[in-house]
Amino acid sequence: MLPQKQAEEAMMSSLTQTMEREEGEEVIGETSNFSFKNALWHGGSAYDAWFSCASNQVAQVLLTLPYSFSQLGMVSGIIFQVFYGLLGSYTAYLISILYIEYRSRKEKENVSFKNHVIQWFEVLEGLLGPYWKAIGLAFNCTFLLFGSVIQLIACASNIYYINDHLDKRTWTYIFGACCATTVFIPSFHNYRIWSFLGLGMTTYTAWYLTIAAIAHGQVENVKHSAPNKMVLYFTGATNILYTFGGHAVTVEIMHAMWKPQKFKYIYLYATVYVFTLTLPSAIAVYWAFGDQLLDHSNAFSLLPRSGWRDIGVILMLIHQFITFGFACTPLYFVWEKVIGMHDTKSIFFRALARLPVVIPIWFLAIIFPFFGPINSAVGALLVSFTVYIIPASAHMLTYRSASARQNAAEKLPFFIPNWTVMYVVNAFVVVWVLVVGFGFGRGGPA
């Protein structure tokens, strides 16, 4: 056991030294050319990753969570938020472990990733083979594609609350053009200022919803009858599953870090902060309007128009631009690798190469101006598999042999005493999400 332990420590030491060497090269480059632009443009710290995770985790769903509460009821809504938040943090942890495992094995083969962004499907291929690569690529790309479409449609839906002179499809044309500018953002390294601002925007909007709902008070003869329909109940639960399933870009965020091994619990810390936004706002709005939310899926529609509400709408529009970039950037990377442009240093040429990705997304958003049905499908099918079932299954298969468990690049987390418990938890995640998230969640709105 001693030689084996020494071999494990040597492997992790080599991985850490390689990552720190790459970090050192990047930091030296930034220090020698330090500028205000670099401070805002180049991010790779654990704090940057936290802002990216927290900012990306809640977008348009912040406005639909009160609607989910009207389907689930107050108690179930709170329970499902906490449960799925922790479940999402756990599978994000699994993804980070698999990334470290994949990278450590490649580092032993002297593979350099200096000019290459590792993605989830490559992790699956390296650990489990080409079939898993195909599965990961199909689910991840489809999820991110429709996630981007939803953000564009949501932009048009939100702006309609402060300017209804143009129809929603026309607004989609306009916001599609604005969001297409994300082709000029090279990677997640360059989202530092956007992640920081994005989190500030969702924080403002969440507390606006909370305070405005409490100040408004309960409507006359308010009713809180949920849960009263099984289909609505599981549809609401699926929307919350989708809320905490934003870690389809976990690998790309990790790879943008100078020390990716520090990521393991960052998503959990981000989720804890997100709870301070989603729980008070959803509880307050549902308390104030009750069953009226069943006919108003967007919380803005029930609150009286004011300058404060208009600020919230505008901030959410800007945030959706950021979220669109987060969803599209991994798709840009995939396309760049397909056409051989991934290692091109010119931002202009990479932007041109990315246009065939963003234009079809824009087109789809114009064709489907209502995101409700798409949201349900994305939540029930794509989120269930992409960020819950596949990571848990991949983790079990990666460490199915005794030698793989003994030579694992990362030790078991402190809250898992042994590999048997790890497998039980992973199996529970797969079965629960497959039955409740995918099976019952496909019912859609009544």
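**Close-up views of a predicted model**

**View 1. Surroundings of Val-123.** Beyond the neighbours within four places in sequence, Val-123 is in contact (heavy atoms within 4.5 Å) with Leu-98, Tyr-99, Tyr-102, Ile-118 and Val-251. Val-123, Leu-209 and Phe-263 touch the most other members of the largest nonpolar core, which has 131 residues. Such a core is a set of buried Ala, Val, Leu, Ile, Met, Phe, Trp, Tyr and Cys residues joined through side-chain atoms within 4.5 Å. The model is predicted: local features need pLDDT of at least 70 and side-chain atom pairs count only at pLDDT 80 or more, while totals for chains, interfaces and linings use all residues. Residues are numbered from 1 along each chain as its sequence is written, and side-chain values use heavy atoms, with hydrogens and water left out.

**View 2. Helix H5, residues 74–108.** Helices are DSSP runs (H or I, at least four residues), numbered from the N terminus. The 35 residues of H5 reach 51 Å from first C-alpha to last, close to the 51 Å expected at 1.5 Å a residue (1.5 Å times one less than the number of residues). Because 25 of the 35 residues are buried, H5 is largely enclosed by the rest of the structure. Buried means under 20% relative accessible area, exposed over 50%, and partly exposed in between (1.4 Å probe, protein chains only). Just after H5, Asn-110 takes a positive phi of about 60°.

**View 3. Thr-323 in helix H13 (residues 307–339).** Thr-323 counts as buried, at 6% relative accessibility. Leaving out neighbours within four places in sequence, its contacts are Asn-56, Ala-59 and Gln-151.

**View 4. Leu-145 in helix H7 (residues 130–159).** Leu-145 is partly exposed, at 25% relative accessible area. Residues up to four places away in sequence aside, Leu-145 touches Leu-331, Ile-361 and Leu-364.

How values were computed:
Helices (H or I, at least four residues) and strands (E, at least two) are DSSP runs, numbered from the N terminus.
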